[in-house]
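I opened this notebook to keep a record of what I looked up, entry by entry.

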Amino acid sequence: MADLKRILLFFRSSFFILLADWLDFKSKKKKRRGICSSKILWIRRFSGFFFAAMLMIILSPSLHSFPPAEAIKSSHLDSYLRLPSYQASHTSKDRFSFRKASGFRNADECGFIDRKITGVCDPSLVHVAITLDVVYLRGSMAAVHSILQHSLCPENIFFHFIVSDADLETLVRSTIPQLKFKVYYFDPEIVRNLISSSVRQALEQPLNYARNYLADLLEPCVRRVIYLDSDLVVVDDITKLWITNLGSRTIGAPEYCHANFTNYFTGGFWSDQRFSRTFRGRKLCYFNTGVMVIDLVKWRRVGYTKRIERWMQIQKRYRIYELGSLPPFLLVFAGRVAPIEHRWNQHGLGGDNVKGSCRELHPGPVSLLHWSGSGKPWLRLDSNRPCPLDALWAPYDLYGHPH
């Protein structure tokens, strides 16, 4: 009975969010549109009714065929209430146990696929880069799964996985057999002497800086790439993000021009004209580097990797910022970013860098949910202390065996 109460409390806190997702993300062959904040507010007023409805669904076997919300169309939410935890006693095999994802194929609208053209240089491909490592593997697999679930043309997506210390190719291929991907090795020694201490140890990991080197790692024929962090899920067709018009800019990302930009650098930075003058004449807007569209042709031509490395060298000597890989990007690109709709990075759902407290959605539609911050949804779900929005991540989790 106690377990049932916990389940009911879980559904009460998250059901109105999932139902709003179902109502507002109308799908047509896996297309998603967004979450309407006004509908969420309307549903909250009637949360008691929905709680009662969920009670009936859980207790009545005859109602188990009730159509699920669009956000969980390929999963069974009850399995996520019993997710196994990462324990020190788990063997490596147990820790990397993922169930096989369901198959996928392109919609008719995607047109003809020339099977004779294969490989990464196919011009019809959408390129997505994500890092794979032991700690965030579960998040990375959920991100990939979410992209495939909501893409009209999933067979046209090519994933570039960046790794440093683990052979994960076999695991990925066995989990999603149809996936088009390639694994690239990133040598940690490239950045080890450039990394300085940060407010959170996870931000100091060498693989966190691999995004700086995508232009060098990926094949020259790859002219554009979407870089994504491992702690997010996409709930819209990623092709919409892929076709972003960058204009004359090298990168595109959602910008936040009302953020207190001075907080991202130390007082010593702002007081030293040698450093602060780099922002002279630029409109300073914060952007999160966990979601970026990058023109690799322009990046290679200008040599932005060397510019980022130069600021990392200055940081080692003068301590001009406290965060990991973000500030060098701000120093090079702030005020020079092609703005993308905020719906493509609803970030901060992992709370701050210390407590990782629960957060609510920002106002407006949603195409991508990002658990940036110290709180990760898989850890909170495993510990039976989830935040309400973690229920939107759970349906894409491929960890463990089906129940």
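Entry: Is Trp270 buried, partly exposed or exposed? I looked up its relative accessibility and found 26%, so Trp270 counts as partly exposed. I note here that the model is a predicted one. Next I checked Phe269, which has a relative accessible area of 0% and is therefore buried. I counted 24 aromatic pairs in the structure. In the pair of Phe269 and Trp270, the ring centres are 4.9 Å apart and the planes stand at 85°, so I filed the pair as edge-to-face. The angle settles this, because planes over 60 degrees apart count as edge-to-face.

Entry: a second pair. I turned to Trp299 and Phe329, whose ring centres are 6.0 Å apart with planes at 45°, so this pair is tilted. Trp299 lies in helix α13 (residues 296-302) and Phe329 in helix α15 (residues 326-333), so the pair ties together parts that are 30 residues apart in sequence. I then looked up how accessible the two residues are. Trp299 has 2% relative accessibility and counts as buried. Phe329, with a relative accessible area of 0%, is buried.

Entry: the aromatic cluster. I wanted to know which cluster Phe269 and Trp270 belong to. They are part of one aromatic cluster whose members also include Tyr256, Phe261, Tyr264, Phe265 and Phe275.

Entry: What is the order of the strands in the open sheet? I wrote down β3-β2-β1-β4-β9-β6-β10, seven strands with mixed pairing. The edge strands are β3 (180-185) and β10, and each of them pairs on one side only. Across from Val163 I found Tyr185, which is in β3.

Entry: Where is Ser367 found? I located Ser367 in the loop between β10 (338-339) and β11 (368-370). Its relative accessibility is 0%, so Ser367 counts as buried. The side chain of Ser367 is joined to that of Asp236 by a polar contact of 2.8 Å.

Entry: positive phi. I kept in mind that most residues other than glycine have a negative phi. Arg319 has a phi near 50°, a positive value in a residue other than glycine. I placed Arg319 in the loop between α14 (304-318) and α15. Its relative accessible area is 29%, so I listed Arg319 as partly exposed. Asn384 is not a glycine either, and its phi is positive at about 60°. Asn384 sits in the segment after α16 (377-382). With 55% relative accessibility, Asn384 counts as exposed.

Entry: confidence. I finished with the pLDDT values. The protein has a mean pLDDT of 79, and 71% of its residues reach 70 or more. Over which residues does pLDDT stay under 50? I found this for residues 1-94, where the model has 140 contacts beyond four places in sequence. Where pLDDT is low, the predicted coordinates should not be read in detail.

Terms used. Residues numbered from 1 in each chain as written. Predicted model: local features only at pLDDT ≥ 70, side-chain atom pairs only at ≥ 80, totals over all residues. Heavy atoms only, no water. Phe/Tyr/Trp six-rings, centres within 6.5 Å; stacked < 30°, edge-to-face > 60°. Buried < 20%, exposed > 50% of the residue type's maximum accessible area, 1.4 Å probe, protein only. Helix = DSSP H or I, 4+ residues; strand = E, 2+ residues; numbered from the N terminus. Polar contact = N/O pair within 3.5 Å; in protein donor to acceptor, adjacent residues only side chain to side chain. pLDDT = per-residue confidence, 0-100. Contact = heavy atoms within 4.5 Å. Pairing = 2+ DSSP bridges.
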